[in-house]
Amino acid sequence: MKLYNTMTRRIEEFVPIVPAHVSMYCCGPTVYNYAHIGNLRTYIFEDILKRTLERAGYTVRHVMNITDVGHLTGDGDDGEDKMEKSARETGKSVWDIAAFYTKAFFRDEEALNIIRPDVVCKATDHIQDMIALIKRLEDGGHTYTSGGNVYFSIDSIPDYGKLARLNLSDLKSGARIEVDSNKKNPKDFVLWFTNSKFQGQAMTWDSPWGVGYPGWHIECSAMSMKYLGEHFDIHCGGIDAIPVHHTNEIAQSEAATGKTWVNYWCHGEFLLMGNAKMSKSSGSFVTLPVLEEAGYNALDYRYFCLTGHYRSQLRFSYEALDAARSARQSLMEKISALKSEATESKDPGEGAKAYMTAFDEAMENDLGAPQALSVLWKMIKDSTLSSSDKLAAAYHMDAILGLRLSEAESRKEETVGSADDLRLLAERTAAKKAKDFKRADEIRDELKKRGYNVKDTPSGAILERIV
Ligand code: AMP
Ligand code: ZN
């Protein structure tokens, strides 16, 4: 298995710390609003990565956090806690907001056929773990208290910014952001807030430094180490996490343990809306329920994501989504046909196996999903393969693609209505084609009397029993 490692900027052969096992941590959602489809692109990429690692023979332990406290609207410790802001704007409690959007997030994940991580951990359930980690950093001389907050001092470590390859001298002189005057270095960051600009913070906890709440970055270090140990294989997220969030996670984790924390850093590129990153703050974003209300299946969006490489930007448009929908529907129809034709379920023959190998190789080469999809299509269209072999190979591929191909209805089962009903249905199709809508409507009414609705599908009209 080959993976691009942001730390080295190279595609590397993946070698796990413990043979045959992978420990993987993914930064999860901040649950103050619905996830947008850009966020969901990142979770789809992580799901594909996990499925591919499993195909490559590894057992994967996948951990994801839920950020329900501490994520400020600004990355430089400025702004308001996103959860508190959402609660204030909606008149709900922060706990209600977190519960509501967490539920909505998992609904989206389920619709997208994203396998639930083995561990889903909420920041608010792990405050004591964060306090213990901050204490460890304090004991190691990596922190200072100023203006009531506990800060991490980036000058206490030799290699701050190595993931993003930050040029710290440039940063100091060119700092355009309004710098918190409590900070000794503009890039220092808060580990624990006791002094919030905003009064009446609802979520606070007692700590050795006073009543307050954690900074955003510490949660991922504390929870990943709790569930995966102090040295693990893979850490994922979107590329926007590289310069601040992941940079700070590395700084504090490695300062605490004195050793390398993560071996492979994997980042997904942005989903664009127009020419800009889709983002909640710009207000120009689309959610999965919006697509579903417009008649798309969540898996149309999953298919759309598979058409782009995870390290390339992908531009969202309804035209592009329409193309993905047509392709997915056509694939489902092909699978339906194969299901009704397939006669045996045995190991696929050599021809089909060659396609399966080509598919796996594309995926195991830094997740080449677009190439893997084209292997699937080539296999489906290959007239030298039997339907049984094609079906078996398609299912093998779908264990990674996650398009729920096995749920395509078999055409045999799908046929509803007697031979005479179906003759009438064909007559209606012919009438419509001849633009004889009067006759087409008459037939529709006749079929209704017989107990059927006529449903037009991309592959033609079908009958549905009225229940
Ligand atoms: P958040 O809930 O804002 O913390 O973001 C959740 C995940 O979505 C993070 O891994 C982000 O890096 C990622 N993300 C945010 N915006 C986009 C985007 N437009 N395209 C792809 N991923 C994104
Ligand atoms: Zn994180």
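User: How far is a polar side-chain atom of N39 from an oxygen atom of ligand 1?
Analyst: The distance is 3.0 Å. Keep in mind that this is a predicted model.

User: And what about D240, how far is its polar side-chain atom from an oxygen atom of ligand 1?
Analyst: That pair lies 2.3 Å apart.

User: Which part of L271 lies 2.8 Å from a nitrogen atom of ligand 1, backbone or side chain?
Analyst: The backbone: the atom in L271 is a backbone N or O.

User: How much of the accessible area of ligand 1 does the protein cover?
Analyst: On its own, ligand 1 has 500 Å² of accessible area, and the protein covers 92% of that. Ligand 1 sits in the largest pocket.

User: Which elements give two or more residues to the shell around it?
Analyst: Those are α1, residues 37-55, and β10, residues 232-238. The largest share comes from α1, with 4 residues.

User: How many residues surround ligand 1 in total?
Analyst: There are 17, and G38, T42, D240, L271 and M278 are the closest. By type, the shell has 8 polar, 5 nonpolar and 4 charged residues.

User: Changing topic: what domains is the protein divided into?
Analyst: Domain 1 covers 2-268, domain 2 covers 318-411 and domain 3 covers 415-465.

User: How far apart are the C-alpha centres of domain 1 and domain 3?
Analyst: Those two centres are 56 Å apart.

Conventions: Residues numbered from 1 in each chain as written. Chains lettered and ligands numbered in written order. Predicted model: local features only at pLDDT ≥ 70, side-chain atom pairs only at ≥ 80, totals over all residues. Heavy atoms only, no water. Near = heavy atom within 4 Å. Polar contact = N/O pair within 3.5 Å; in protein donor to acceptor, adjacent residues only side chain to side chain. Areas by Shrake-Rupley, 256 points an atom, 1.4 Å probe, with all protein chains shown as cover. 1 Å grid on protein atoms, 1.4 Å probe; cavity = no way out; pocket = protein on both sides within 12 Å on 5 of 7 lines; lining within 4 Å. Sits in = over half its atoms within 2 Å of the grid points. Nonpolar A, V, L, I, M, F, W, Y, C, P; charged D, E, K, R; others polar. Domains from an automatic or database assignment.
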